[in-house]
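Please read them with the coordinates open.

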Amino acid sequence: MTPPLSPARRALRAITVAACLPYVSLKIAWIAGSRIGIPDGSVLLEHRTVMAVANGVTVLMDAAVVVLALLLTQAWGLRVRAWLLAVPMWGATGLLSPIVVAYPAQLVLAAFMGAPRRVADGRPFLEDWVFGVVYGGFIVQALALGALFVTYARDRWGHVARGRVGELPRSLSGAGTRATAVVASLLALVPVALHTLWAFGVEGGLTPARIAERTSDFALLEGMRVAFAAVAVAGTLMLVFRLGRSLRVRTPLALAWLGSAALGSWGAYLLTAALLPVDDPGKRVTGWMLTAYAGEMITGLLMAGCLAVVLRRRGA
């Protein structure tokens with residue numbers, strides 16, 4: 001049965017698509033050779049071929065948000081196999097949700113402590129207005145797309161989130177899933193410890209360039225990553241071991257989805273970026289940073305696997 005496309009859903013779809021336009025327009029302009037928003041001397045003016053490829057990839061990623069918005073509001077979207085929707089939606093959740101949390105927090109911090117300089121290696125990076133346009137668009141995308149996904153999931157899989165945690169059968173997760181959840185939670189301690197140390201000012205394990213560029217924003221972002229790891233662990237363990245028995249099932253489902261997505265997606269993104277070649281030895285990512293990124297990615301993927309098992313069995 002196809003759910004009616006209400007005016008609210010139409011509006012959310014239009015907002016999602018419109019919110020993609022500023023970012024995509026900037027990226028296309030940069031690929032075409034424009035320097036709008038890029039100050040003289042910016043490090044972005046180096047390695048033009050690499051930047052063009054990277055910008056092309058991010059354009060495709062944002063275009064995927066448009067496809068998701070259409071999928072969530074069209075009749076054919078209900079016939080798409082669950083995993084074909086869940087995987088890109090999980091990735092979008094993971095990449096966008098930390099921005100929704102971090103950027104407003106950075107603005108509040110800047111209001112009290114002053115805005116940090118946007119520099120890299122002592123040189124300008126981007127004009128300040130670019131960050132407002134790009135991150136503002138990301139936040140609108142996240143909120144509108146998230147609202148569309150919630151209504152879509154309620155229509156298609158609403159039965160999966162019904163009831164309370166204590167009512168879930170013990171056999172829903174299984175011994176293998178419970179063991180995986182424990183291993184993932186223990187692995188999460190490694191990146192959590194590293195990000196906590198870096199948030200409190202420890203410089204060990206960071207590159208000289210990163211140490212030189214540290215601001216209050218750096219500590220905020222490190223703390224945020226610890227918080228998302230805690231959310232992932234809490235949601236996964238509650239769901240797999242039926243902890244918090246009086247809670248509604250949708251609570252640990254949402255926590256496990258959000259936390260695992262943020263860990264897995266950003267861990268994979270940062271690990272990929274860290275493996276790209278750099279000319280300056282001072283910017284080469286350290287082994288500890290690679291450990292943190294890889295740990296987040298592996299932890300997020302393992303927890304997502306636990307979530308997938310529970311959802312599949314719950315749906316059956």
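**Notes on the predicted model**

1. The volume of the largest cavity is about 50 Å³. Its lining consists of Leu168, Pro169, Arg170, Leu172, Ser173, Arg178, Leu239, Val240, Arg242 and Val310.

2. Look next at Arg242, one of the lining residues. Arg242 sits in the loop between α7 (216-241) and α8. Its phi is near 55 degrees. That is a positive value in a residue other than glycine. Please check the backbone there.

3. Arg242 also touches Val165. Val165 belongs to the loop between α4 and α5 (174-199). Is Val165 buried or exposed? Its relative accessibility is 1%, so Val165 counts as buried.

4. What does Val165 contact beyond its neighbours within four places in sequence? The list is Met238, Arg242, Leu243, Gly244, Arg245, Leu247, Arg248, Val249 and Pro252. Of these, Arg242 lies in the loop between α7 and α8, while Pro252 falls in the range of helix α8 (residues 250-274). Met113 is another matter: 52 residues separate it from Val165 along the chain, and their C-alpha atoms are 43 Å apart.

5. Now the aromatic residues. The whole structure contains seven aromatic pairs. One of them joins Tyr23 and Phe138, with ring centres 4.8 Å apart and 55 degrees between the planes. This pair is tilted. Tyr23 is in helix α1 (residues 7-31) and Phe138 is in helix α4 (residues 128-157), so the pair ties together parts that are 115 residues apart in sequence.

6. How accessible are these two rings' residues? Tyr23 has a relative accessible area of 11% and is buried. Phe138 is also at 11% relative accessibility, and counts as buried. Phe149 and Trp257 make an aromatic pair too, this one stacked. Their centres are 5.6 Å apart, with 25 degrees between the planes.

7. Phe149 lies in α4 and Trp257 in α8, so parts 108 residues apart in sequence are tied together. Both partners are buried: Phe149 has a relative accessible area of 15%, and Trp257 has 17%.

8. Tyr23 and Phe138 are also members of an aromatic cluster.

9. Helix α2 (residues 48-71) deserves a line on geometry. Its 24 residues reach 35 Å from the first C-alpha to the last. That is close to the 34 Å expected at 1.5 Å a residue.

10. Which residues of α2 are buried? They are Asn55, Thr58, Val59, Asp62, Val65, Leu68, Ala69 and Leu71. An α-helix has 3.6 residues a turn, so residues three or four places apart point the same way. The cover over the buried residues of α2 includes α1, α3 (82-113) and α4.

Key:
Residues are numbered from 1 along each chain as its sequence is written. This is a predicted model: local features need pLDDT of at least 70, side-chain atom pairs count only at pLDDT 80 or more; totals for chains, interfaces and linings use all residues. Side-chain values use heavy atoms; hydrogens and water are left out. Rings of Phe, Tyr and Trp (its six-membered ring) pair if their centres lie within 6.5 Å; planes under 30 degrees apart count as stacked, over 60 as edge-to-face and the rest as tilted. Helices (H or I, at least four residues) and strands (E, at least two) are DSSP runs, numbered from the N terminus. Buried means under 20% relative accessible area, exposed over 50%, partly exposed in between (1.4 Å probe, protein chains only). The expected span of a helix is 1.5 Å times one less than its number of residues. Contact means heavy atoms within 4.5 Å. On a 1 Å grid over the protein atoms alone, a cavity is a set of points where a 1.4 Å probe fits but cannot get out, and a pocket is an open set with protein on both sides within 12 Å along at least five of seven lines; lining residues have an atom within 4 Å of a point. Grid points are joined across faces, edges and corners, and a volume is the space filled by probe spheres set on the points.
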